[in-house]
Each structure stands twice: as structure tokens, then as C-alpha cells.
Amino acid sequence: MSLRIRLAILSSFITLLALIGLSVITGVFLQRSLIRDLDEELEVQAGQILDEAKDEAKLGKSIQISNDLENALVTATGSTTAFLYVQGKLEFGAGQYDAPNEPLDSSFLSQNQNLKRCDCDDWRVISLRSNDLAVQVGRPLSIITRNMERYVSIVAVVSLAATVLAGLLIAFVVSRTVQPLEKLAQRVKNLESGELIPGVGLPDEIGVLARALEQSLSQLQVSRARQNRFVADAAHELRTPVTALLADLETHRARPRQESENQAVLERFFRNAQHLRRLINNLLTLSQTERDLQLQPLNLTELASEVTDRLMPLAASKNLELSIDGEPAKLLGDRLMLERALENILGNALKFTNSGEVRVLVKTQSQKVILIVTDTGIGMNNGDLELVFEAFHRGDSIVEGSGLGLAVVKAVVQAHHGQVKMTSEVNVGTVVRLEFPIRINA
Ligand SMILES: Nc1ncnc2c1ncn2[C@@H]1O[C@H](COP(=O)(O)OP(=O)(O)OP(=O)(O)O)[C@@H](O)[C@H]1O
Ligand SMILES: [Mg+2]
């Protein structure tokens, strides 16, 4: 059963209960007030009869009730039955009554009360006494019962209508309220197809929730698209060296080769395998920066020296001067990841420099650990500078690579709450600057 139907039934039920409660209370008050009005009218009439009887008794006349007074017993609200007793004997009677000789309230005549109100045999009776004179007036309670029945039937119709109306109203309001959520649900279903649902604009809590969900969904869509692109690019990059390896293996298997040819093929195998390993390492590092870092106190200058030492043979093979300078710079970091970042920065500097030097400087300044790598290489233009940290972006580079190195550098530095900046000038060189905030200093 849908939410709107459940809420509509619930609200109808509550409305009905409330209306029944209210009607019962109002009914009780209404009945009391009708009886009170009747009592007042009867008391006035009884008083008038008693006064007239007393006047006539005073004059010593035989007691006669005037026609005017008798006629006044019939009013717009009903006709009153009245009896006058002198010393317990019926002297005068008027109006309708099943047993005219029976008093309306026989117990009153044997009692010593001056005023009595009672419900006797479905009649409302008022009895008044003054010395020997006693008056009883009454009307059937069926008049009030009829009025109450009319009240109940009106209230029942109104309550039923109000209940149905409340249910419909709540169903309408809930429909409108959950509409944005339904749109969102539809959008979640259509996430695969990338179909966008127009924004949701309600100002209430549901609107806030809907907007927050919509925002998250948009972000999810963007990151899914980015992830898909990343996987496609990664697969493409992996395929190239693997295809080259397989092609070499195929031709090598097809026909025997000279020793010198074998050497060349092995060289290619080796280069392709190295490229694959670098690519896989970078992909691994990128995926690991999403998880927790293995933090430990370390000296960034020492770490940079180790990486520099490892790359010395490459620098020498290109006739480049590679140097490192700096003071001890303590840092709390993930050793393996920082090593991968440094390898990529220095690897780039050596790869894209054909003559001159590559210098590494580590220092502590303004409560930051700073590492600067400067090269005298081919440099790059501003357009490329903006995009080089994107995964698989390689600019115009024709040198071997996948475009993952700087994406790894950025991810590692950010995971350490640091910053990476790059400046470059074509044919002059490039400067990469890493900054780590003091809060991760060891
Ligand atoms: N020191 C540098 N001098 C000049 N260009 C650079 C330098 N460092 C990076 N680049 C440019 O930025 C691009 C991206 O660098 P990145 O390290 O991400 O990828 P790559 O070196 O091409 O491949 P990979 O590092 O995955 O083997 C490079 O292709 C190159 O065009
Ligand atoms: Mg690189």
C-alpha cells in the first residue's frame, strides 16, 4: 500500500475519531441546554398557574384558571400539560395526557417539597407547591429526543463528508510532497542512461532532502563517468605494451632468429615490461591513495636522496647533472607513496630534459616542508600546465609514457594534505614545488 494511501486512511480515521469525540461532547451540552430551556419555560408556566390560584384562594373564590392562561400553555416550542391540586385533590387539568387522572409526578404529592424537577415516564415534569396548592406541568421528552436525533443525523453526514475530504486532502498534499522523491527515484533508476530529471523546487524539508539527494546523484554521475573514462584509458594504455609484447613473441615463435636480432627483441621486451610495470605501479598507487595511508615518521631529504641515487644511471646515460641539496626535513608520511611521487617528478624531469641539469632542493619554511625539483628541459605551455595533473593527459609529448605520473603525484600530495604547484617555460625548463603542512610534520 502506498504512503499516500496509508496516510490518507490514517488521517481520515483520526478526523473521524476527533469528530465523533467532538460531536458526543457537543451533543451532551446541547441536550442539557434543551432541558434547561424547557425547565425555564415550564417553571414560568407553573409559577403563573400557582400565582393565579393563590390570588383566587385569597379572595375566597373557587379556584378557576383563566382561559388566557390555559391558552398560554401552548407555545411555539410545544404544548404543556398542567394539573392544579388543592389539598392533594385535582382541581384543574389542561393539555394532553394518557391518564388524565394520574398525576404527572405522583411521588411529589406525598412529599413535602416546594419545587421538584424530574424525568417521569419519558416526561419532563416541574412541580411547585405553596401551602395547600400544588401545580405540576410537563411535556413529553420525545420533543428533545427528536431534536437530538436530528442533530445526530446532521453530525453524521457532516463527519462523513469531513472524513472523506480530509483523506482526499492528505492524499493530495502527500502526493505533492513525495513528487520530488518519486522523480529522484526515477532518476536513480535512470542513472545508467544518464537521463536527467528537472530540478526539484519545494521549499520544505522534503525539498531540502530532494535537493541534497539530487546534488549527490549529480556528483555520483560525474564521478561514475570519470571512473568509466579512467578505466577505459587505463585499459587502452595497458593494451599497447601488451600488444607489442605479443606481436614480438608471435614473430619470434614463427621463425628462428639471429643472435643479434634476439638481442634487439629482448631489449624491446624489457622496455615494454618496464613500461607495464610503471603503469601498473602508478595505477596501484592511485587506487591506494583512496584508502588509509601507512603513516610513519620519515626524513623527506633522505627519501629524495634515495630516489635521486636510483636515477643517477639514467641521468648519466643522458649526460645530465642530477643533484640534491637540503636540510633534514621530518615528515609523517607514507613512505611508499611519497617514493612513487618523487620517482614520477624526477622521472619526468630527466625524461623531458635533453641537456643541462636537474636539481632537487628540500627545505623547511613557514612551518612547511617544501621540495622543489627544477630542470632545464623542454618545458611546456600554459595550456598543458593546466591539464597535466589530469590522468592520461600527455600534452604533445612523443616520449614514452602514459600520462599517469603527475596524477599520482597530485593524489599522493593531497592524501598528505599538501599542495603541488608547477611552473614551466617552453625550452627553458620546469619547476615542480611540493608543500606539506606542518600538521603532518613528525
Ligand atoms: N618536467 C617536465 N617537463 C616538461 N614537460 C613535462 C614535465 N613533466 C610533465 N610534463 C608534461 O606533462 C605530461 C604528463 O606527465 P605525466 O608524468 O603525468 O605523464 P607521462 O610522463 O607522459 O607518463 P607516465 O608518467 O605515466 O609514464 C607529460 O606527458 C609531459 O607532456
Ligand atoms: Mg611521468
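Author: A helix here is a DSSP run of H or I over at least four residues, and helices are numbered from the N terminus. The model is predicted. In the shell around ligand 1, helix α8 gives the most, with four residues.

Reader: What makes a residue part of the surroundings of ligand 1, and which residues are the closest?

Author: A residue counts if one of its heavy atoms lies within 4 Å of the ligand. On that basis 21 residues surround ligand 1, and the closest are Asn348, Lys351, Gly403, Leu404 and Leu406.

Reader: What makes the approach of Ser402 to ligand 1 a polar contact?

Author: The cut-off for a pair of N or O atoms is 3.5 Å. A polar backbone atom of Ser402 lies 2.9 Å from an oxygen atom of ligand 1, so the pair falls within the cut-off. Gly405 also qualifies, because a backbone N or O atom of Gly405 is 3.3 Å from an oxygen atom of the ligand. With Thr430 the side chain is involved: one of its N or O atoms is 3.3 Å from a nitrogen atom of ligand 1.

Reader: How much of ligand 1 does the protein bury?

Author: The protein buries 96% of the 600 Å² that ligand 1 exposes when taken alone. Two or more residues of the shell come from each of the elements α8 (335-351) and α10.

Reader: Why is the pair of Glu41 and Arg139 called a salt bridge?

Author: The rule asks for a side-chain nitrogen of Lys or Arg within 4 Å of a carboxyl oxygen of Asp or Glu. Glu41 belongs to helix α1 (residues 3-58) and Arg139 to strand β7 (residues 133-140), so the bridge ties together parts that are 98 residues apart in sequence.

Reader: What makes Arg278 and Glu400 a salt bridge?

Author: The closest N and O atoms of Arg278 and Glu400 are 3.8 Å apart, which is still within 4 Å, so the pair is a salt bridge. Arg278 lies in helix α6 (residues 259-288) and Glu400 in the loop between α9 (382-387) and α10 (405-415), so this bridge ties together parts 122 residues apart in sequence. Arg278 is partly exposed at 36%, and Glu400 is partly exposed at 37%.

Reader: How many salt bridges does the rule give, and which residues are linked in a network?

Author: The count is 15 salt bridges. Glu306, Arg310, Arg335, Glu339 and Glu343 are linked in a network.

Reader: Why is the link between Cys118 and Cys120 called a disulfide?

Author: The cut-off for two cysteine sulfur atoms is 2.5 Å. Those of Cys118 and Cys120 are 2.1 Å apart, so the pair is a disulfide. The structure holds one disulfide. The angle about the S-S bond is -100 degrees, and the link is left-handed.

Reader: What makes Cys118 and Cys120 buried?

Author: Cys118 has a relative accessible area of 10% and Cys120 has 15%. Each value is under 20%, so each cysteine counts as buried.

Reader: What makes the contact of Asp248 with Arg268 a polar contact?

Author: The two side chains come to 2.7 Å, which is within 3.5 Å, so the contact qualifies. Asp248 lies in helix α5 and, with a relative accessible area of 9%, is buried.

Reader: Where is Leu217 found, and why is it called buried?

Author: Leu217 is in helix α5 (residues 205-254). Its relative accessibility is 10%, so it counts as buried. Along the chain Leu217 and Asn354 are 137 residues apart, and 47 Å separate their C-alpha atoms.

Reader: Which domains are assigned, and what separates their centres?

Author: The domain assignment gives domain 1 (3-146) and domain 2 (293-440). Their centres, taken over C-alpha atoms, are separated by 107 Å.

Technical notes. Residues numbered from 1 in each chain as written. Chains lettered and ligands numbered in written order. Predicted model: local features only at pLDDT ≥ 70, side-chain atom pairs only at ≥ 80, totals over all residues. Heavy atoms only, no water. Buried < 20%, exposed > 50% of the residue type's maximum accessible area, 1.4 Å probe, protein only. Domains from an automatic or database assignment. Polar contact = N/O pair within 3.5 Å; in protein donor to acceptor, adjacent residues only side chain to side chain. Areas by Shrake-Rupley, 256 points an atom, 1.4 Å probe, with all protein chains shown as cover.
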